Amino acid sequence: MIPGTGKIVINDRPLEQYFASGFLQLIVNQPLVSAEIKNVDVLVNVHGGGLTGQAGAIRHGIARALIKDNEQLKPELKKQGYLKRDPRMKERKKYGLKKARKAPQFSKR
């Protein structure tokens, strides 16, 4: 985050171009709207996951950056749920199985 005019750039593309869906744009803007901050530019590099996951990760990162800048914003952002990390991850493959839970076909004989 740098002082600026309020534009958000994700992977060298404007927010509206990267996230065509208005819903995903709303998710990314939520921390800035609830903190009533309009005078910063946000530059983000993100990869992996899907578009919705990336939007959530960007929201989380913006909220954490706002708190680093101004500690008084923490109670409001925490109450809104912008500081929660999504802990879901891909389950690891286990030995003897084809994937995490898929077992080889069973045959009695």
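This is a predicted model: local features need pLDDT of at least 70, side-chain atom pairs count only at pLDDT 80 or more; totals for chains, interfaces and linings use all residues.
Trainee: Which parts does the pair of Glu91 and Arg101 tie together?

Mentor: Both residues lie in the segment after α4, so the pair ties together parts that are 10 residues apart in sequence.

Trainee: How do you know whether Arg101 is buried or exposed?

Mentor: Arg101 has a relative accessible area of 67%. The cut-off for exposed is over 50%, so a residue with that value is called exposed. Glu91 has 35% and Lys94 has 25%. Buried means under 20%, and partly exposed is the range in between, so Glu91 and Lys94 are both called partly exposed.

Trainee: Why is the contact of Arg88 with Asp86 called a salt bridge?

Mentor: The closest N and O atoms of Arg88 and Asp86 are 2.7 Å apart, and the limit is 4 Å, so the pair qualifies. Arg88 is exposed at 69% relative accessibility, whereas Asp86 is partly exposed at 45%. By this rule the count comes to three salt bridges.

Trainee: What makes Lys90, Lys98, Lys99 and Lys102 a patch of positive charge?

Mentor: Lys counts as positive, and like charges are joined within 9 Å if their residues have over 30% relative accessible area and no salt bridge. Lys90, Lys98, Lys99 and Lys102 gather on the surface in such a patch. Take Lys90, whose place is in the segment after α4 (74-80). Its relative accessible area is 82%, so Lys90 is exposed.

Trainee: Turning to the sheet, why are β1 and β3 called edge strands?

Mentor: The open sheet has four strands in the order β1-β4-β2-β3. β1 (2-3) and β3 (13-14) each pair on one side only, and that makes them the edge strands.

Trainee: How do you know that β2 and β3 pair?

Mentor: Two strands pair if DSSP finds at least two bridges between them. Strand β2 (residues 8-10) and β3 have two bridges, in the antiparallel sense. Within β3, Arg13 is the bridge partner of Ile10.

Trainee: What makes the pairing of the sheet mixed?

Mentor: Strands of a sheet pair through backbone hydrogen bonds, either parallel or antiparallel. Here β1 and β4 pair in the antiparallel sense over two bridges, with Val40 of β4 as the partner of Pro3. β2 and β4 pair in the parallel sense over three bridges, and Val44 of β4 is the partner of Ile10. The pairing is accordingly described as mixed.

Trainee: How do you know whether Ile10 is buried or exposed?

Mentor: Ile10 lies in strand β2 and has 0% relative accessibility. The cut-off for buried is under 20%, so a residue with that value counts as buried. Ile10 and Val46 are 36 residues apart in sequence, yet 7.2 Å apart in space, C-alpha to C-alpha.

Trainee: Why is β4 described as mostly covered?

Mentor: Strand β4 (residues 40-44) has five residues, and four of them are buried.

Conventions
Residues are numbered from 1 along each chain as its sequence is written. Side-chain values use heavy atoms; hydrogens and water are left out. Patches are made of residues with over 30% relative accessible area and no salt bridge: like charges are joined within 9 Å, nonpolar side chains (Val, Leu, Ile, Met, Phe, Trp, Tyr) within 5 Å. Accessible areas come from the Shrake-Rupley method with a 1.4 Å probe; for residues, only the protein chains shown count as cover. A salt bridge is a side-chain nitrogen of Lys or Arg within 4 Å of a carboxyl oxygen of Asp or Glu. The place of a charge is taken as NZ of Lys, CZ of Arg, CG of Asp or CD of Glu. Buried means under 20% relative accessible area, exposed over 50%, partly exposed in between (1.4 Å probe, protein chains only).
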